[in-house]
Amino acid sequence: MTEFAAVKAALKTQAVETPSWAYGNSGTRFKVFAQPGVPRTPREKLDDAAKVHEFTGAAPTVALHIPWDTTDDYAALAKYAEERGLKLGAINSNTFQDDDYRLGSVCHPDAAVRRKAVDHLLACVDIMDATGSRDLKLWFADGTNYPGQDDLRARQDRLAEALAQVYARLGDDQRMLLEYKFFEPAFYATDVPDWGTAYAHCLKLGPKAQVVVDTGHHAPGTNIEFIVATLLRENKLGAFDFNSRFYADDDLMVGAADPFQLVRIMYEVIRGGGFTPDVAFMLDQCHNIEAKIPAIIRSVMNVQEATAKALLVDGAALAEAQRSGDVLAANAVLMDAYNTDVRPLLAEVRTESGLDPDPVGAYRRCGWAERIAAERVGGVQAGWGA
């Protein structure tokens, strides 16, 4: 098999999970900008997600967020997704939008509040049972704003206790994915602020607990590909939340801020054996001012382009340059792959798969945006309630 044939074969196996909330209205802490045609129900979100998969061929699963996607019958929602060529993916919990969680959720000093938060997480596992979802994704806004506000060590003990209760409830084929974020909304000390904290808790819990790397959740200058390589080496990388940041947790389209970083990350994924279904490639983005469906299509394409470039790295030449200590030659191998225009290659992949080589253009021509703007009138548009 030629080099390009092998790359094309690998790209045809790639799947990117899209988030239900990215199809709804979102914004900043100051303003949420509504758009015409935004879904009002979980089923309408799935209708839009089906369009993304139709034109990319690479977005077969949709992550849900509870309670944003609450419904009376999750098994029926899973069937609705299946009828549209989709499956329901990770179930995302929400322990940050209730007044009781002002001082935290699973780390709260009040045992009654902690019980409420754990009950919600256990209910999310029940939803996983109904939908057939493999992954429970956990992100906690827990933390403190001022020195002395609470006992830092005690909060870690509470976190460990809560995670252990939920871990014990998981089925044999289910996983717990623990996400970290170095600040916001807690400004003094966040309870899961970095990959090391998440890793320590997951290591203690066992093999069904793994770490989520959100590419927007790091301080400026952080070497994310090093974190990825380390977690893969320890068999503890469970998933990505792909987005971009310029300043903080901006949740912009993946690859928007630093496309080369995304290529470097994907190279470490491939190099470390993470280009498998065991590592979930998920988007976590808020499309505040751009049209949502084409933005999500573009994000999927950005992941595909970064992956294609990473697959084109000449591993033999790189290894030889590294062995001989030729710094410039080693860097040149990576730069040659990064500077390759892979768009024609991906156009061939799509054509061979029976897809339009231009997914964004195909979506714009299909009339879906005009149809949903005309039909989705009245009711309450979905959004995350800021």
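A: Lys51 and Glu54 form a salt bridge, with their closest N and O atoms 3.1 Å apart. The term means a side-chain nitrogen of Lys or Arg within 4 Å of a carboxyl oxygen of Asp or Glu. The two residues lie three apart in helix H2 (residues 42–56), so about one helical turn separates them. Helices here are DSSP runs of H or I with at least four residues, strands are runs of E with at least two, and both are numbered from the N terminus. Lys51 counts as buried, at 17% relative accessibility. Glu54 is partly exposed, at 40%. Buried means under 20% relative accessible area, exposed over 50%, and partly exposed in between (1.4 Å probe, protein chains only).

The model is predicted: local features need pLDDT of at least 70, side-chain atom pairs count only at pLDDT 80 or more, and totals for chains, interfaces and linings use all residues. Residues are numbered from 1 along each chain as its sequence is written, and side-chain values use heavy atoms, with hydrogens and water left out.

A second salt bridge joins the side chains of Asp100 and Lys116 (2.8 Å, N to O). This pair links distant parts of the chain, 16 residues apart: Asp100 sits in the loop between S3 and helix H4 (111–131), Lys116 in helix H4. Asp100 is partly exposed at 38% relative accessibility. Lys116 is partly exposed at 31%.

Arg298 pairs with Glu305, and here the closest N and O atoms are 2.7 Å apart. Arg298 is partly exposed, with a relative accessible area of 27%. Glu305 is buried, at 17%. Salt bridges with shared partners also join Lys8, Lys12, Glu348 and Glu352 into one network. The whole structure has 32 salt bridges.

The largest pocket holds about 1,300 Å³. A pocket is an open set of points on a 1 Å grid over the protein atoms alone, where a 1.4 Å probe fits, with protein on both sides within 12 Å along at least five of seven lines; lining residues have an atom within 4 Å of a point. The volume is the space filled by probe spheres set on the points, which are joined across faces, edges and corners. Its lining has 45 residues, and Phe96, Trp139, Lys181, Glu184 and Pro185 lie nearest the centre. Strand S4 (135–138) and strand S5 (143–144) are the elements that give two or more residues to this lining.
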